[in-house]
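I opened this entry to look up how the parts of the protein meet one another. My notes follow in the order in which I checked things.

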Amino acid sequence: MAFEYAPAPESRAIVDIKASYGLFIDGEFVDGHGSSFKTINPATEETLAEVAEADAADVDRAVRAARRAFRGWSRMPGKERAKYLFRIARIIQERGRELAVLESIDNGKPIKESRDVDVPQVAANFFYFAGWADKLEYAGLGPDPQPHGVAGQVIPWNFPLLMLAWKVAPALACGNTVVLKPAETTPLTALLFAEICQQADLPPGVVNIVTGAGATGHAVVSHPDVDKVAFTGSTEVGKAIARAVAGSEKKVTLELGGKAANIVFDDAPIDQAVEGIVSGIFFNQGHVCCAGSRLLVQESVAEEVLGRLKRRMSTLRIGDPLDKNTDIGAINSAEQLGRIRELAEIGDSEGAERWSPSCDLPSSGFWFPPTVFTGVTQAHRIAREEIFGPVLSVLTFRTPSEAVEKANNTPYGLSAGVWTDKGSRILHMASHLRAGVVWANTFNKFDPASPFGGYKESGYGREGGRQGLASYLKGEI
Ligand code: NAP
Ligand code: MG
């Protein structure tokens, strides 16, 4: 039984959402040539604002502004660039509540996550890369590593501001300038970030934000004067981008999808593992590329783990993202909700058994209850395809080698989790799992100093840490 909690809504008075937004080019907000689109609050379906849709001519204007700014920005001593990045980091902290509330309104994620995870991580990334800006010659990339030039960056909707930080902070620290396209459903915090760039007196053209949909993203990555492409999103679009830039001089990093195994051995601390399973798949409504969406549990403890997991799921609170008690917010869009429903129905028809705690879903907005499927086999589509929602597929194993085999039996390789009491088993598993990150007795832990990225269809290149600098500098690590 969930405890009854009185509503504890965070006030939205702190955010000032304008009726319409232009593009941020050369340090100013300007009108686009193209049409506009609406961004909505997915928890209520209320229209929040009209946002300009950048066409190819707008993108060209942004790239030209970035090219002009590159000369001064790349030649500026690193310690001077660092001052701007430190300033941005501090403003992000000062305006943290405003950013968190706006992120929750535009994206649907619970305020406790945007407030306690997204925004602090955003500031941490700017602080971290600010620290590198005057130390690039010590990054192991040669005595005088040089930036690429103009970076074209395209990001998804699941962590709008955090993905921006992962891309903009290292690019700027290394002396590149940026043209960034946020996702169509979550443009508002990127536009508030543009205001923060103005507040920090960042030289015009160093950061440009062009809003729009897939066609705008395509115009950014395929612009002939973009030197470096950084993309986070689906494997399908990642492949299209790789094709679009093939044969050009452009450097590319792709952070794509995942279908991570979260592996629980019989000697694991079960209650902690259950918390890790819950945060692994229900954090951010499961809209997480490295989500622990496949639970591999050792057969001898499967029943116990599932029993405790279901009990824990019954206490999750789903609803108003701005309520400070909410654990699970809204699904980001009607389209994403449709995809989750479709794959869950495929799970039913393939013979897996679906379970969700009883919960009242709000009458407007996009919602999906936390869901677990048991009786899943490796051939099931819900075990193979990324659902990108609050849906967990459970499989069992008997031996460590069977766990490794099943965990690696996926086209992806972004992350994995291991729960066991034995250090030697953790090391054994970590060296056999084909995943960019392996968490041990924890899940979804991030640090700007730690590189993140995938194997196989999860993409190539790394973000974060010294390895993340290598993506924005000429020279190999
Ligand atoms: P998506 O459809 O691939 O979109 C990502 C971004 O690319 C959006 O800004 C999108 O614009 C834009 N885009 C769409 N078509 C394009 C094209 N032809 N050329 C250039 N840009 C284009 O992915 P999503 O649905 O937003 O995000 C979910 C996916 O991202 C999941 O598969 C998830 O695993 C992955 N993801 C990976 C990571 C990671 O670090 N590996 C992190 C987060 C998410 P629109 O907004 O208009 O669609
Ligand atoms: Mg929105």
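I began with polar contacts and found 16 residue pairs in polar contact between domain 1 and domain 2, with both residues at pLDDT 80 or more. I note here that I am working from a predicted model, and that every value in this entry is computed from it.

I then asked which parts of domain 1 face its partner, and I saw that helix H3 (96-107) and helix H4 (111-132) each supply at least two residues of the side that touches domain 2.

Turning to charge pairs, I found 1 salt bridge across the interface of domain 1 and domain 2. I also looked up Asp327 and Lys112, whose side chains meet in a salt bridge with an N to O distance of 2.5 Å.

Next I went back to the division itself, in which domain 1 covers 20-255 + 456-474 and domain 2 covers 261-440. For the contact I noted 28 residues from domain 1 and 33 residues from domain 2. The centres of the two domains, taken over C-alpha atoms, lie 30 Å apart.

Last, I looked up the area: domain 1 and domain 2 bury about 2400 Å² between them, and 57% of this is on carbon and sulfur atoms. On the side of domain 1, I recorded Trp157, Lys456 and Ser458 as the residues that lose the most area to domain 2, together 23% of what that side buries.

Methods:
Residues are numbered from 1 along each chain as its sequence is written. Chains are lettered from A and ligands numbered from 1 in the order in which they are written. This is a predicted model: local features need pLDDT of at least 70, side-chain atom pairs count only at pLDDT 80 or more; totals for chains, interfaces and linings use all residues. Side-chain values use heavy atoms; hydrogens and water are left out. Domain bounds come from an automatic or database domain assignment. Contact means heavy atoms within 4.5 Å. Buried area is the accessible area (1.4 Å probe) that two parts lose on being put together, summed over both. A salt bridge is a side-chain nitrogen of Lys or Arg within 4 Å of a carboxyl oxygen of Asp or Glu. A polar contact is a pair of N or O atoms within 3.5 Å; within protein, one must be able to donate a hydrogen and the other to accept it, and residues adjacent in sequence count only if both atoms are side-chain atoms. Helices (H or I, at least four residues) and strands (E, at least two) are DSSP runs, numbered from the N terminus.
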